Amino acid sequence: MISYSLFIVDDEKTIREGLTMALEDAYQVEAFSKAEAAIRAIKSNPPDLILLDIGLPGISGIEALDKIKRLCPDILVIMITAYEDIDTVISAMKLGAYDYVVKPIQMDGLEATINNALETIRLRKEVQILQEKYLKENLPCFIGESNKIQDMMEFIDRVASSPDTPILILGQTGTGKELIASAIHFRSPNFKGQLVTVNCPAIPKDLIESEIFGYEKGAFSGANPSGKKGLIEDAANGTLFLDELGDLSLGAQSKLLRFLEEGEFYRVGGTKKLHIQTRVVSATNKNIDAMIQKGLFRNDLYFRIGVIKIKVPSLNERRDDIIPLAVYFLNAFNDKFGRSFTGISSEAETALLQYNWTGHVRELKNLIERGILVGKGPEIVPEDLGIEGKNVNHSGEPYKKESEFPPLPPEGIDLYSCLNSYEKFYIKNALEMAGGNASKAARLLNINHHTFRYRKKKLLSD
Ligand SMILES: Nc1ncnc2c1ncn2[C@@H]1O[C@H](COP(=O)(O)OP(=O)(O)OP(=O)(O)O)[C@@H](O)[C@H]1O
Ligand SMILES: [Mg+2]
């Protein structure tokens, strides 16, 4: 059961003590003779409900109500008034008091008012919990079992919690930068606001500043005659995602820098300073340092916008994610196209694991979509993917230093049997070190246990 906390603020000792005695069995009660002390206590530990006398010495009940509502708008306040002074009661209600009771206090009436107030609080909390649950369940699914992605998600959880810090996402095309921007939004306190994406390359360069920051009437020819608010205003208390940062015009860059430093901006052609709270997340797959050298990007902005940088690893650097991602896309496309593929054949898995992913996750998604559309089933086989033998990745970095490789003998080698014996050697070694425990052995080799079992079966039974 939820336990509610309640403050009583009244200068009359008998009322304080009488109310405390009557209510302390049901609620956590704290009593104050002055509003100043109650306000101090609210700052450190806000209650759910306050019974507040109107006629107090020092700060009056009405002034205190105003302060409390500014400090914590969610606290419900029931005013206690000595006589039904309509004007004072009206001003209290206008300032957001929940209700009022008249002295001498009738306990039955007060209890009914308190119960109504607590029912309101309970419903509000319930709505909040349901809202959070709904958002969590509908979070975009970010698949990744590799250590690299697990570490990155942990880092995202840590940095997402501070709602104003700008975050820059770096990574090659198709690695999942946009998905990460939405993960940041939904994991941050800003999730109740909107996630507004600005696809910078899609907006003509001379319009980008007014699209993001808005414009006042008459700002430029062809503009909406009554002016327009900018996308940044839609992102108030949410997240502004600038996709492909390198395409920002220099005008938009200087406005953005001012916003990041001062939290304020002017619409194009405007003179009124506007303030909003939003987190700026940006992403790029361009070499911004080269743009800075050419004077196309502001160094100071790059520094400010990248206070926190997230580098998304390429798919080749996290091969453990290939099969889980492929299975995830297989299920998604089965649903989308009404197909019922049961899985991916081991030959197709090998082809996927050996492929050199230049288009990263997007390319994998496209290949699985193709497989589902052209394949006959029940499993996806290499021919469905159309990648067999193509673009095979040989950059597995088996040794840290190239000088450690045995030199190529004059008669040449059979590369694949070399690689196989190398893999076999490490699989055996890892199993020995892990005392035969396959999951531990897989961890030693930094691959997932499905891949480990599959490779072990294939190589050690040869
Ligand atoms: N870890 C993941 N889990 C599930 N889906 C993913 C994952 N990573 C990427 N995707 C999917 O792959 C596709 C490409 O990802 P996304 O658009 O986020 O890449 P990007 O890095 O923004 O690419 P670009 O630089 O071209 O804009 C999207 O359909 C996305 O949903
Ligand atoms: Mg993108």
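User: How many residues surround ligand 1, and which are the closest?
Analyst: This is a predicted model. In it, ligand 1 is surrounded by 17 residues, and T173, G176, K177, E178 and V361 are the closest.

User: Which elements give two or more residues to that shell?
Analyst: They are α7, which covers 177–186, and α15, which covers 360–374.

User: What is the make-up of the shell around ligand 1 by class?
Analyst: The shell has 7 polar, 6 nonpolar and 4 charged residues.

User: Which domains does ligand 1 lie between, and why?
Analyst: Domain 2 (147–313) and domain 3 (316–385) both contribute residues to the shell, so ligand 1 lies between these two domains.

User: What are the other domains in the assignment?
Analyst: Besides domains 2 and 3, the domain assignment gives domain 1 (5–133) and domain 4 (402–460). The C-alpha centres of domain 1 and domain 2 are 42 Å apart.

User: Back to α7, please. Which strands does it lie across?
Analyst: Helix α7 lies across β6 (167–170), β7, β10, β13 and β14. Relative to β13, α7 runs at about 165°.

User: In what order do those strands sit in the sheet, and is the pairing parallel or antiparallel?
Analyst: The order is β7-β10-β13-β6-β14, an open sheet of 5 strands with parallel pairing. At its edges are β7 (195–199) and β14 (308–311), each of which pairs on one side only. On average, neighbouring strands of this sheet are turned by 20° against each other, direction ignored.

User: How many bridges join β10 to β13?
Analyst: There are 5 bridges between β10 (residues 239–243) and β13 (residues 279–284), and these strands run parallel. One of the pairs is T239 with its bridge partner R279 in β13.

User: A change of topic: at what angle do α17 and α19 pack?
Analyst: Helix α17 (residues 415–433) and helix α19 (residues 449–460) pack at about 115°, and their axes are 10 Å apart. The crossing of α17 past α19 is left-handed.

User: Which residues make the contact?
Analyst: From α17 the contact uses N420, E423, K424 and I427, while α19 supplies R455, K456, L459 and L460.

User: And how many of them are charged, polar or nonpolar?
Analyst: The contact of α17 with α19 has 4 charged, 3 nonpolar and 1 polar residues.

Terms used: Residues are numbered from 1 along each chain as its sequence is written. Chains are lettered from A and ligands numbered from 1 in the order in which they are written. This is a predicted model: local features need pLDDT of at least 70, side-chain atom pairs count only at pLDDT 80 or more; totals for chains, interfaces and linings use all residues. Axes are lines fitted to C-alpha atoms, for helices over the stretch in contact, and angles run from 0 to 180 degrees between N-to-C directions. Helices (H or I, at least four residues) and strands (E, at least two) are DSSP runs, numbered from the N terminus. A crossing is left-handed if the near helix is turned anticlockwise from the far one by less than a right angle, and right-handed if clockwise. Two residues are in contact if their C-beta atoms, placed from the backbone, lie within 7 Å. Ala, Val, Leu, Ile, Met, Phe, Trp, Tyr, Cys and Pro count as nonpolar, Asp, Glu, Lys and Arg as charged, and the others, Gly among them, as polar. A residue is near a molecule or strand if its C-beta atom, placed from the backbone, lies within 6 Å of it. Domain bounds come from an automatic or database domain assignment. Two strands pair if DSSP finds at least two bridges between them.
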